[in-house]
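Please consult the sequence and the structure shown below while reading.

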Amino acid sequence: MFKLDRKLITIGMTLALSTTLSVAAASTACIPGVYKSKPGAIDGGVIYPRENGVYTAYRYNTQSTKGVNFGRTPTANEIKAWDVDARPDGKGLPDGEGSVEDGDELFDAQCAVCHGDFGGGGKGYPQLAGGNQAKDKNGVVITLKNQRIKPGMDAPKRTVGTYWPYATTLFTYIRDAMPYAHPKSLTNDEVYALTAYILAQNEIKIDGQEMDDEYVLNKEKLMKVVLPNKDGFYPVIDGPEGPANVKAFFADRAKNIGMGTRCMKDCKDPSSGPGEKGLPAKLMKIKYEMKDVVPPYAFGKDLPPETDAGSVSKGEKLYDSSCKLCHGNDTMGAPRVGDASAWAAVMKKGMDKVLVNAIKGTGGMPPKGGNTDLSDADIKTIIEYMVGASK
Amino acid sequence: MNNKTEEKIASAGRRDFFKKTATVSAVAATTMVAPSAVMASGKDDENIVEEVKWGTTLGEECNKYPYGMPAAYEHNVVRRTSALMSSAGDMHAAISMTPIADLKGIIVPNGLHFTRTHNGVAHVNPNKWRLMIHGLVEKPIVLTLDQLKRYPSESRILFMECPSNSAAEWKGPQFGTAQFVKGMMSCAQWTGVRLKTILDELGLKPEAKWMLAEGGDGSEMSRTLPIEKVLDDVMIVYAQNGEALRNEQGYPVRLMAPGWEANLCVKWLKRLEFGDKPWYAKEETSKYTALTASGKAIQHFYALETNSIITSPAPEKDWKDLKKGDLVEIEGLAWSGYGTIKGVDISFDGGKNWVEAQLKGLVLPKCWTRFSYMYKYEGKPLLLQSRSYDDSGDVQPTVNQEKGIVGVECVYHRNAIVTWQVTEKGEVSNVQIRS
């Protein structure tokens, strides 16, 4: 026996030892939250491999999914109905035409209420026209360099004329999403007219031609529009090198979008921003706190205020808490709420008698159903609810 | 004491309770400190020595609410919005904020997930919903919801953040709660189909470089994504924390681009088209482009940078009840769209000196990560900050570091360090350390 035990113990020890070792090896190679990765994701981040059923902390099924093939081929008409987007190169723009004058009329009737007269903004909805389109020697729209680092400075204006890169975006957005409350209610001709009007308000010229009231916009002309801020965006995403440009841009995040440093002791943090380089950092408090939030701030663990508008009557509430245990089913022998014939039989006795029975107790029912906190009036309210709910 | 006497005491206790709850409702805020006051004075706590209502009455039926509701006492833990987060106070194109300081762990309950809409919350009939995948693919397809769900599914716990999170704070602090400083984000377990699984069957043509994702709501919200991301970890999701997506999150189906602007995770998804050129949709040109001090704007700004916020203490979770010498946990959230959070540092003096906090709980890529630091409260004024860093090498910047590169008119992608000022009384407010 002893020998056997010792052998078992030895085996057990070996097993325990090897388990410990392998666990230790696994845990150094795999600290939770430290996953195998490589740099070079298009967004500047890391890429995690999917290997042997493991993807970061997740397991996945390694069986082949080849041949999983649900769904059907769309018909040509279906694709035509949904594929209505348009790109800056004009691909996807529909036939049709509309004049600045027609657009003016439509704009006044359907758009000015939010976007203001002539698209000049108002009431908080996006301003579509206006702003200074003048550029500096590098081709940058000057007012877009406005930085409100001190009170009273002008904001950069982001209108179609000063900010948007492409006019095809205006066309597709109006057609898909406008008017705000009735999207997709405009014909293609109307959308061309509105696009023409908004471009005209931004003093856009097409092929050197000013857009007067009679100017008629169509697909060919819209493709030719060059908006002032076309080159105001980076990285460049056009052309076959577009994705590679994006990747290169985000690979240098410290330079291009800003990054912190892990300084731990006696850290200095002067500003390096335009117009304030070298200024020391100091404490800035809220000047005018935005407190107008919906629902209003409240942090207590209290009960919500009672409202009269609630769908549950007082009778039903009292019934739920004091009577439903027996009257909510047939098992207890009490007339069940909802059972019309049972309650018709009860009410043959008359309300007065039923009320007295309920208050004093009857058959298997204790006085007031066992809840002596209930007033006689409460009992009446409950009976009325129970009768009403059993018709 | 006989049974009758006991009953009388119990019912008297109940009546007392009702009277007391009436008072509690009227002065909810002040009664919150009552328990510690009772203990300090050495008096018996009535909640212990007297019977309580819930112990002496029959509770509600077990399935009274076939779809459960939070306790009524939690009714203040809700999403909030503000006219500043909308167009002209209109709440159809608006955003609501998650009450991040009231939440625990890394999963946001579905009813509290922040919501951004451009044309109201669409209510889609799932039986009439269709998804079309076409363009530069060998085999275009149309899927019903049931057919989509036939594809093998994967689940990921991922944060979702609006790139406008903290947009009101570029020029200085404006809001007085963590909910409004960083509440345009949430985190949930999302389930759906890896887009690559479907594309492997459809056959992507070699000239396909970009994907247009289009929503089916009134705004037809659409965005362009590069193929490289699409084939890496993009999903088409239909479940959120185990149940169907909420209407506010794009029921029945939305795109999920892990770590990227929530705006790219197109809701009420209707169509995916593959093309050789980008589309320049409205929400990637006139909006969702970051105008820098150079006068030019960053476009196709995808991943949300490494970021963090202390959620306890916070303005709405202050330290006013602490005594000098109390050992208390500082807790918060860190996240990064570039990868996985590696660590978080904490400063008590507005960023001059830092100590390392510890991570706790699940540490997952592109996911909320909890950090924790045990602090001995001394009743001294503090300028409390957290600074996260991730496995891609990104470190959260100071306000000055961020605006030094991009200026203050960006609107989007603000990830500068947040500062809570803690007063000697334990009050907490939102401030900034900047030039």
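## Chain B overall

The model is predicted. For chain B, the mean pLDDT is 92, and 91% of the residues score at least 70. Residues 1-38 of chain B, however, have a pLDDT below 50, and beyond near neighbours in sequence this stretch makes 21 contacts in the model. Where pLDDT is low, the predicted coordinates should not be read in detail.

Chain B contains 10 helices and 24 strands. Along the principal axes, its C-alpha atoms occupy a box of roughly 85 × 55 × 40 Å. Chain B has 435 residues, of which 62% count as buried. The accessible surface of this chain is about 16,000 Å², with 54% belonging to carbon and sulfur atoms. Among contacts in chain B with a separation of 6 or more, 72% are between residues 24 or more positions apart.

## A sheet built from both chains

The link between the chains is the pairing of β10 (residues 282-284) of chain A with β24(B), which is antiparallel and comprises 3 bridges. Here A:Lys282 is opposite B:Arg434 of β24(B). Strand β24 of chain B spans residues 428-434 and is mostly covered, with 6 of its 7 residues buried.

Strand β24(B) is also joined by 4 bridges to β23 (residues 419-422) of chain B, and these two strands run antiparallel. One residue pair in this arrangement is B:Val422 with its bridge partner B:Val428 in β24(B). The hairpin of β23(B) and β24(B) has 5 residues between the strands, and B:Gly426 takes a positive phi near 90° in this hairpin. Strand β23(B) in turn is connected by 4 bridges to β22 (residues 382-390) of chain B, again in the antiparallel sense. In that pairing, B:Gln385 stands opposite B:Thr419 of β23(B).

## A four-stranded sheet in chain B

Chain B also holds an open sheet of 4 strands, ordered β16-β17-β21-β20 and paired in the antiparallel sense. Its edge strands are β16 (307-312) and β20 (358-360) of chain B, each of which pairs on one side only. From one strand to the next, the twist averages 35°.

Within this sheet, β17 (residues 327-335) and β21 (residues 369-376) of chain B form an antiparallel pair over 8 bridges. B:Val328 has B:Tyr375 in β21(B) as its bridge partner.

## Cysteines

How many disulfides are counted over all chains? The count is 1. The bond is formed by A:Cys263 and A:Cys267, whose sulfur atoms are 2.1 Å apart. The torsion about their S-S bond is about -100°, so this disulfide is left-handed.

B:Cys62 counts as exposed, at 82% relative accessibility. B:Cys410 is likewise in no disulfide, and the nearest cysteine sulfur, that of B:Cys162, is 14 Å away. B:Cys410 counts as buried because its relative accessibility is 2%, which is under the 20% limit.

## A:Asn245 in chain A

A:Asn245 is located in helix α8 (residues 242-251) of chain A. Is this residue of chain A buried, partly exposed or exposed? A:Asn245 is partly exposed, because its relative accessible area of 30% falls between the limits of 20% and 50%.

Apart from neighbours within four places in sequence, A:Asn245 is in contact with A:Pro235 and A:Val236. A:Asn245 and A:Met284 are separated by 39 residues in sequence and by 38 Å in space, C-alpha to C-alpha.

Key:
Residues are numbered from 1 along each chain as its sequence is written. Chains are lettered from A and ligands numbered from 1 in the order in which they are written. This is a predicted model: local features need pLDDT of at least 70, side-chain atom pairs count only at pLDDT 80 or more; totals for chains, interfaces and linings use all residues. Side-chain values use heavy atoms; hydrogens and water are left out. A disulfide is a pair of cysteine sulfur atoms within 2.5 Å. Buried means under 20% relative accessible area, exposed over 50%, partly exposed in between (1.4 Å probe, protein chains only). Two strands pair if DSSP finds at least two bridges between them. Axes are lines fitted to C-alpha atoms, for helices over the stretch in contact, and angles run from 0 to 180 degrees between N-to-C directions. Contact means heavy atoms within 4.5 Å. Accessible areas come from the Shrake-Rupley method with a 1.4 Å probe; for residues, only the protein chains shown count as cover. pLDDT is the predictor's confidence in each residue, from 0 to 100.
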